[in-house]
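Subject: The structure, and what turned up in it

Hi,

Here is the structure I promised to pass on.

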Amino acid sequence: MAVENNFVSEINRKSKNWKLKVRIVRLWKNPDRDRPDNSFSIEIVLMDGRGDCIHASIGRSFIQRFKQKIKEMSLYIMKNFVVCPNNMKLKTKDHKFKLMFTHKTIVLMDEKDPDFNNNKVSHEDNEIMDSAEDHGLIDIANTHAKIAKNKLQILSDQNDDGICISMVETQGYGCEEHKVTTEDGYILSLQRIPKGISGKAATKPPVLLQHGLLMDGITWLLNPPDQSLAFILADEGYDVWIANTRGTKYSQGHTSLSPQDPEYWEWSWDELVDFDLPATLKYVHDQTGQKLHYVGHSLGTLIALAAISQNKLIDMLRSAALLSPIAYLGQLRSPLAKSASKDFIAEGLYWLGIHEFDPRGDAVVKLLQKICQDPGNNCSDLMTSFTGPNCCVNSSRTDIFLEHEPQATATKNMIHIAQMTRKGTIEKYDFGSEEENNKHYGQPNPPEYIMANIPNNIPLFFGYGGADYLSDVNDVKTLLNKLQGHNPDKLVLQYREDYAHADFVFGINTKQVVYDPLMAFFKLN
């Protein structure tokens, strides 16, 4: 028996299996503010046979899939959507919900009923135009021209595509958005995947995933679900939480500052150790009532090691898994990172008053071009030049990666990391003079984070690779030498000769090589 079509008024969040017969009465492209030539999304208004309308969005990850299949005023059978709250600041419709297209959405043109709801379209045009005028959304100087063309351009709230909506629910998983405020006023975004694809609630402890430098929480979601750690853990029954460091796209809130304020960017990874990590860990611990496993990649390992060395957070942790561990950087092999450190590039930006280090910004791009002029730097493959020759990265996901990454950080954070590469030490931010250091630390030199102070009984998992240009094998050995007294039953080393920095989070075989041993480690702790 054929499944009957639903009406727009019936749509709610209790199901994803809605089937609609609708006409697209409005269609427009939402430009990407960072790359104006590209589209951030395609927005459409759908009208059913009763004349009721609902807003739908096609995120940029799915634009190529659908853009040739849809056109304004055509009639379609559509089914399989993610239903989301219609909380855009600038709305086209008052419906409580909106629809998000996913890889499972089906769109079929219906040419059998050409007169379907045509008698209602003109009324809808006027209604949309009136609503737009009420909200001041139409450029007054061009109002009559736009009405004549029967087009309406409305920019949806750019932050309405949170990580849950754009990256998790589109894969069929449930997801919750959370916010946590640090003691120094930064408002951080946190996502929770409480169930696997089966819909069965988590039965295992919470796991917090912390991304690395110039990345955000999407790190753990970029590959297909059977290759992405967040989804793999959720399907294995873990309660998955995804952290997003201050300054990244979804963690730009603050109780009193804006990202446009230089003061907003006055931090280095010291502040991530002192504020972001404790706030996030405590929030997950309090929400779940359980100790948690921690997984960090790159910078996410550095802040964990620094915190644990100060005996912080120990009472909330079951274990810590550190992928591409960063503690010492004196022997890193990345030609671009070494050049930037040697030439004091980050310091130069800071002295010029550029406090936000935006990899897509003009200042950083120009400096990168300058570095690339050095004959010793090969910029034809930037990922390899920075991270090493990754053996196993899923190259089919490159476009999706570039849609979301890289992310901004503080210029001061980049200075701190450059100091580590020049000194070969792991210590707090150096303010550049004994006088300034005395003001902040009460001593002429920055205090050291002492790795040997890490408690010997905390379960630690290290995943590192022989081809990693950032987490160099020799620097990892320096770290492990500091942990010689660690309980051998609480220390797991997972070494892969052909792995570089990005393989640990984007590799097509990482589940078998790293994640399966990691979950075995969790079961023991």
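Two strands pair if DSSP finds at least two bridges between them, and that is how I use the word below. Helices (H or I, at least four residues) and strands (E, at least two) are DSSP runs, numbered from the N terminus. Before you dig in: this is a predicted model, where local features need pLDDT of at least 70, side-chain atom pairs count only at pLDDT 80 or more, and totals for chains, interfaces and linings use all residues. Residues are numbered from 1 along each chain as its sequence is written, and side-chain values use heavy atoms, with hydrogens and water left out.

The overview

The protein has 17 helices and 18 strands. Of its 525 residues, 55% count as buried (under 20% relative accessible area; exposed is over 50% and partly exposed in between, with a 1.4 Å probe and protein chains only). Contact means heavy atoms within 4.5 Å. Among contacts with a separation of 6 or more, 74% come from residues 24 or more positions apart.

How many of the residues of strand β13 (residues 292–297) are buried? The count is 6 of the 6, so β13 is largely enclosed by the rest of the structure. Leu-292, Tyr-294 and Gly-296 point one way from the strand, while His-293, Val-295 and His-297 point the other way.

β13 runs parallel to strand β10 (residues 206–210), and 4 bridges join them. Here Val-207 sits opposite His-293. β13 also pairs with strand β14 (residues 317–323), again in the parallel sense, over 6 bridges. Val-295 has Ala-321 in β14 as its bridge partner. For background, strands of a sheet pair through backbone hydrogen bonds, either parallel or antiparallel.

Together with helix α7 (residues 299–309), β13 and β14 make a right-handed β-α-β unit. Right-handed here means that, with the strands pointing away from the viewer, the path from the first strand over the helix to the second runs clockwise.

Helix α7 also packs against helix α6 (residues 269–288), at an angle of about 70° and with the axes 9 Å apart. Axes are lines fitted to C-alpha atoms, for helices over the stretch in contact, and angles run from 0 to 180 degrees between N-to-C directions. The two helices are therefore roughly perpendicular (65 to 115 degrees; under 35 is roughly parallel, over 145 roughly antiparallel and the rest oblique). From α6, Trp-269, Leu-272, Val-273 and Leu-277 take part, and they meet α7 residues including Leu-299, Leu-302 and Ile-303.

Ala-243 lies in strand β11 (residues 239–243). With a relative accessible area of 1%, Ala-243 is buried. Beyond its neighbours within four places in sequence, the contacts of Ala-243 include Ser-189, Leu-208, His-211 and Thr-280. Ile-218 is 25 residues from Ala-243 in sequence, and their C-alpha atoms are 9.4 Å apart.

The disulfides

How many disulfides does the structure hold? There are 2, counting pairs of cysteine sulfur atoms within 2.5 Å.

One joins Cys-164 to Cys-175, with an S to S distance of 2.0 Å. Cys-164 lies in helix α4 (residues 163–168) and Cys-175 in the loop between α4 and β8 (176–181), so the pair ties together parts that are 11 residues apart in sequence. Both of these cysteines are buried, and their link is left-handed, with -65° about the S-S bond.

The other is formed by Cys-391 and Cys-392, with sulfur atoms 2.3 Å apart. The torsion about this S-S bond is about -95°, so the disulfide is left-handed. Cys-391 is partly exposed at 35% relative accessible area, whereas Cys-392 counts as buried at 11%.

The mixed sheet

Finally, 7 strands form an open sheet with mixed pairing, in the order β5-β6-β3-β2-β1-β4-β7. Its edge strands, β5 (82–85) and β7 (106–109), each pair on one side only. Neighbouring strands of the sheet are turned by 40° against each other on average, direction ignored. Within it, strand β2 (residues 39–47) and strand β3 (residues 53–59) are antiparallel and share 7 bridges. Ile-44 has Ala-56 in β3 as its bridge partner. Cys-53 is buried, at 7% relative accessibility.

Cheers
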